[in-house]
Amino acid sequence: MTILRVDGAQNIAGIDLEEAAACQMTLADTVMLSGKGLHSGRETVVEMQPAPENTGIVFRHGQNTVSGLAHNVVDTSRGTTIGFNGFRVLTVEHLMAALRGLGVDNAYVEVKGGETPALDGSAAPYVAAIEAVGLVQQSAPRRLITISEPICVRRDDSFILAVPSSELSITYVMDYDHPMIGSQSSAYVLREGGFAKEFAPARTFVLYEEVAGLLDRELAKGGSLDNVIVIWPDRMSSALRFSDELVRHKVVDMIGDLALIGGLLSAEVLAVRTGHALNVEFAREVLRRIETPARSRRRKAAVVRA
Ligand SMILES: [Zn+2]
């Protein structure tokens, strides 16, 4: 096996890019991060460890395990929570985005404390930790997920439309009736790389008027001005890292949620005003279509019409 240093999703030094894109990858060594969970407020520790080919991303603690797949999502209130048999891991999206964004297909993620650490509210600390150990190329081919027809999920005025494409691209449109936000869009194209530098540093945010409601719902208990951008009608709690940092963060969340499909999606995706709930619904729909090929779905539809 070859140990690779990575610098962005498609910028892997010293090896054949096509070969790397074709093969599964895992971590070269264990990576540990700790800090407060954004929602639980608990001190948490995650240890990302190398895993064999075709493992995918598997969260575990003691005897408990749960795969990072959309059908294991149990909650999407202001974050993506996965769970199985009572074992829950809150706020997996930034960690999942870092793994997917750097091209890690297989990893065990030991979680102590039931939530990933919020760190600075972005995926950048996860990216830095993974880049510090590098990746190992495995011999099994990477699992590419292509779609053969458009897929659209929608809820009220939010929707995700994906159309067949030979590569992954995501265009995200956010549209807030808020003087500090308004309408913004951002595009991520996997081929162009740049996840580590252009998207991972974008931090999560919250509107000031939402804070009290979140705390009432036992959410954001670990939130602070160090790990979330608070937005008032006339100002923000810190200088932005990018002028469009908020929408870039939405792209990061989407990359993390789409990683719950369990492979590298190859599609052109347009997401308008979506959050974790619709992102996960889309990921589930893709998984459902993988499990039920188009021909048999059409047969079932025909029976229904009859
Ligand atoms: Zn986020």
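The legends below describe close-up views of a predicted model.

Residues are numbered from 1 along each chain as its sequence is written. Local features need pLDDT of at least 70 and side-chain atom pairs count only at pLDDT 80 or more, while totals for chains, interfaces and linings use all residues.

**View 1. Confidence at residues 1-17 and 301-306.** The protein chain has an average pLDDT (the predictor's confidence in each residue, from 0 to 100) of 89, and 89% of the residues score at least 70. Under 50 throughout, residues 1-17 have 43 contacts beyond four places in sequence in the model; a contact requires C-beta atoms, placed from the backbone, within 7 Å. Residues 301-306 also stay under 50, with zero such contacts. Where pLDDT is low, the predicted coordinates should not be read in detail.

**View 2. Helix α6, residues 245-258.** Helices (H or I, at least four residues) and strands (E, at least two) are DSSP runs, numbered from the N terminus. Of its 14 residues, 14 are buried, meaning 20 or more other C-beta atoms within 10 Å of a residue's own.

**View 3. Ile 261 in the loop between α6 and β19 (264-272).** Ile 261 is buried, because 22 other C-beta atoms lie within 10 Å. Its contacts beyond four places in sequence include Ala 70, Ile 145 and Leu 287.

**View 4. Strand β2, residues 23-27.** Four of the five residues of β2 are buried, so the strand is largely enclosed by the rest of the structure. β2 pairs (at least two DSSP bridges) with β11, residues 135-141, in the antiparallel sense over four bridges. Leu 27 has Leu 135 of β11 as its bridge partner.

Conventions:
Two residues are in contact if their C-beta atoms, placed from the backbone, lie within 7 Å. The expected span of a helix is 1.5 Å times one less than its number of residues. A residue is buried if 20 or more other C-beta atoms lie within 10 Å of its own, exposed if 12 or fewer, and partly exposed in between; C-beta atoms are placed from the backbone.
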